[in-house]
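Visitor: Please show me the model, and then let us go through its fold by question and answer.

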Amino acid sequence: TPLAPPAEPDLESKMNWGSFYAVISGVNRHSTGIGRVWLSVIFIFRILVLVVAAESVWGDEKSGFTCNTQQPGCNSVCYDQFFPISHIRLWALQLILVSTPALLVAMHVAHRRHIDKKLMKRAGRSSPKELEQIKNQKFQIIGALWWTYMISIIFRIIFEVAFLYIFYSIYPDFKMFRLVKCDSYPCPNTVDCFVSRPTEKTIFTVFMLAVSGVCVLLNVAEVLYLIGRACKRCLGGSEDESKGAWISQRLSSHRQNEINQLIADHSLKSKFTVTKKSPTEKGERCSAF
Amino acid sequence: MSWPALYTQLVGANRHSTSLGKVWLSVLFIFRVMVLVVAAESVWGDEQSDFTCNTLQPGCENVCYDQFFPVSHIRLWCLQLLFVSTPTLLVAMYVAFRNHRDKKRLLQEVELETLKRRRLPIAGALWWTYACSLVFRLLFEGGFMYALYVVYDGFHMPRLVQCDQWPCPNLVDCFISRPTEKTIFTVFMATASSICMVLNMAELAYIIAKAVTR
């Protein structure tokens, strides 16, 4: 029996983790610094370690599991009883579920860009260069985006802790035993069954759980950082109008730019009507972004 | 041709879908294709080599495996994912047809590239194409889930099956490898499939409601 998994499926799984990472890291531009550190930890210490090292340690978990009996079927049944789900599959599912909330933020950013495009088209500035500018624009984490970001981090923490709990309930000890005793049908009496590579598996289990803990700490730190920043903004500046919706800031900044353009061009035509504030008051305030 | 190639095709066709359609595509690729390739394929990897029967009779294991597993779960899921992704290509074909037809009408005035870059609103014949593609997606999803349920008598994988096909002598016990892990993944994939069906139904209701209000 081969001890290493065959090359083709390995390449497929590497390709898929790679494209998964590409999708997740697209959100990186709109994350905080701690968010970027978290993403690197996920990729280097969890995904890479899983694909490059852990999968070969657990590769022969079933073929290397031997019981002290010649009774056919006893091996299968005892393996199934002691390993309802393999560590590798649990970690793969954990990584997928923990990384997905970041896509919530990506969807929100895409929605904002869509609204921005619509506003620019209404203002009559729909040249390809301006549209490119919208695509590359970096959004600040304020208003509704702040809430989406917070919710995504809270979901990350919930999934992370839920999987740690599931892990603890299925495998109560982090240490992998060398020997398990099994007496399910069709094994005659109680048989000794031996697990393959228990020490190596223990080392990797402890490593993955430790990195999981570090990720939870990073997420908690990010939550506190965002709350701290929001409080500072609330107490600090009325200039930013942090309570104002992002959309009204956008509209007023567009009006501001329109008026500047009109003054510069000495043009009489205007696509927006200036309604609430007088031009001098708007001139004193700096544009929202 | 592999899963990433399919993804590129679908993402191109996705420009003309609603937001629910984009969410559906992400759920399809992250919770179904990724989980299939990264986790499920290794669980079912040794399904035949580790299928052991309590007999030394040659050929008995092969015959019993074939009786209880006419089509493997993995192959059924791969087929399901391919069939479910295909209706989106209907929409892509219609959009390409429209672009070429508009280019012929407008002749030299407009470049084909500019036509390709515009985003068509979901109205008229495009609406009907899109609605048909959603209905086909629902049919394929439901059809494959039902087929899996019927072939394997539910989503649970037993540890032990009893087989008495020729050449097995009398009734023999045959043991399936990793039944619990297989049950967990079968339930996971069935749940993801149902979520996709719910998303498709919501999208269908949304475009019907939009058309009615118009």
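Visitor: How many helices and strands does chain B have?
Guide: This is a predicted model. From the N terminus on, the elements of chain B run α-α-β-α-α-α-α-β-β-α. The count for chain B is 7 helices and 3 strands.

Visitor: In what order do the strands of the open sheet in chain B lie?
Guide: Strand 1 (52-53) and strand 2 (160-163) of chain B are the edge strands, each pairing on one side only. Strand 2 is joined by 4 bridges to strand 3 (residues 172-175) of chain B, and these two run antiparallel. The order in the sheet of chain B is 1-3-2.

Visitor: Which residue in strand 3 of chain B is the bridge partner of Gln162(B)?
Guide: Strands of a sheet pair through backbone hydrogen bonds. In chain B, strand 2 covers 160-163, and its partner, strand 3, covers residues 172-175. The bridge partner of Gln162(B) is Asp173(B).

Visitor: At what angle does helix 3 of chain B run to strand 2 of chain B?
Guide: Helix 3 of chain B takes in residues 60-68. This helix lies across strand 1, strand 2 and strand 3 of chain B. Its angle to strand 2 of chain B is about 110°.

Visitor: What radius of gyration does chain B have?
Guide: The C-alpha trace of chain B spans about 80 × 35 × 25 Å along its principal axes. A compact globule of 214 residues would have a radius of gyration near 17 Å. For chain B the value is 23 Å.

Conventions. Residues numbered from 1 in each chain as written. Chains lettered and ligands numbered in written order. Predicted model: local features only at pLDDT ≥ 70, side-chain atom pairs only at ≥ 80, totals over all residues. Heavy atoms only, no water. Pairing = 2+ DSSP bridges. Contact = heavy atoms within 4.5 Å. Axes fitted to C-alpha atoms, helices over the stretch in contact; angles between N-to-C directions. Rg over C-alpha atoms; globule rule 2.2 N^0.38 Å.
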